[in-house]
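Take a look at the model below.

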Amino acid sequence: MDKKYHNHVQIKVAITLKKLLSENKTHPVNTNDEKEVLKSYESIAIAADLRKATVNDIFNANTKSRIITLIAVVESLGFSMNLFGKIYDAVTEKEIADFLFLKKNKEKQKTK
């Protein structure tokens, strides 16, 4: 498999995780207690027993994640891998293009 394919997968994973995080913020799956709703990369990192930088890298498609790490993140949000797969499969090319556009703009802003 080539690097372009791996990058494509990383982006789809990031988009899917962002959708799950957004869903968790608006309709918490794992708790009814507002204080316990996972709303940040830091809270996900704590719940999944991962470094915050690792979570950040996965959500921003900066690294290829191991499956065990991905499962820990998804489950910390209170979702199943089955749902993750359904959302992943539904990611469109437009969503990927939008993600890349936003990522490039963020990188440009960092260099200013």
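Is I87 buried or exposed? I87 counts as buried because its relative accessibility is 18%. Here, buried means under 20% relative accessible area, exposed means over 50%, and partly exposed lies in between, with a 1.4 Å probe and protein chains only.

This is a predicted model, in which local features need pLDDT of at least 70, side-chain atom pairs count only at pLDDT 80 or more, and totals for chains, interfaces and linings use all residues. Residues are numbered from 1 along each chain as its sequence is written, and side-chain values use heavy atoms, with hydrogens and water left out.

**The overall plan**

The protein has six helices and zero strands. Read from the N terminus, its elements run α-α-α-α-α-α. Helices (H or I, at least four residues) and strands (E, at least two) are DSSP runs, numbered from the N terminus. Of the 112 residues, 33% are buried. Now take the contacts with a separation of 6 or more: residues 24 or more positions apart account for 65% of them. Contact means heavy atoms within 4.5 Å.

**Two crossing helices**

Helix α1 covers residues 3–26, and helix α6 covers residues 93–111. Their axes come within 10 Å and cross at roughly 90°. α1 and α6 are therefore roughly perpendicular to each other. The contact uses H8, I11, K12, A14, I15, K18 and K19 from α1. From α6 it uses E93, E95, I96, F99 and L100. By class, this contact has six nonpolar, one polar and five charged residues.

Some terms need cut-offs. Axes are lines fitted to C-alpha atoms, for helices over the stretch in contact, and angles run from 0 to 180 degrees between N-to-C directions. Angles under 35 degrees count as roughly parallel, over 145 as roughly antiparallel, 65 to 115 as roughly perpendicular, and the rest as oblique. For the classes, Ala, Val, Leu, Ile, Met, Phe, Trp, Tyr, Cys and Pro are nonpolar, Asp, Glu, Lys and Arg are charged, and the others, Gly among them, are polar.

**Two pockets**

A pocket is an open set of points on a 1 Å grid over the protein atoms alone, where a 1.4 Å probe fits, with protein on both sides within 12 Å along at least five of seven lines; lining residues have an atom within 4 Å of a point. Grid points are joined across faces, edges and corners, and a volume is the space filled by probe spheres set on the points.

The largest pocket holds about 350 Å³ of space. Its lining has 13 residues, and K18, N60, F99, K103 and K106 lie nearest the centre. Which helix gives the most to this lining? α6 does, with eight residues. By class, the lining has three nonpolar, two polar and eight charged residues.

The second largest pocket has a volume of about 170 Å³. It is lined by 13 residues, with V9, Q10, V13, K64 and S65 nearest its centre. α1 gives the most to this lining, with four residues. α1, α3 (52–59) and α4 (67–76) each supply at least two. By class, this lining has six nonpolar, four polar and three charged residues.

**Residues in contact**

I87 sits in helix α5 (residues 81–90). Setting aside neighbours within four places in sequence, I87 contacts T16, K19 and L20. T16 lies in helix α1 and is buried, with a relative accessible area of 0%. By the same rule on neighbours, T16 contacts F84, I87, Y88 and V91.

N60 lies in the loop between α3 and α4. With 18% relative accessibility, N60 counts as buried. N60 touches A14, K18, Y41, F99 and K103, not counting residues up to four places away in sequence.

Two C-alpha separations are listed here.

| Pair | Apart along the chain | C-alpha to C-alpha |
|---|---|---|
| I87 and I15 | 72 residues | 9.0 Å |
| T16 and A90 | 74 residues | 9.0 Å |

**Two positive phi angles**

Most residues other than glycine have a negative phi. D49 has a positive phi, near 60°. D49 lies in the loop between α2 (41–48) and α3 and is exposed, with a relative accessible area of 69%. A61 also is not a glycine, and its phi is positive at about 55°. A61 lies in the loop between α3 and α4, and at 4% relative accessibility A61 counts as buried.
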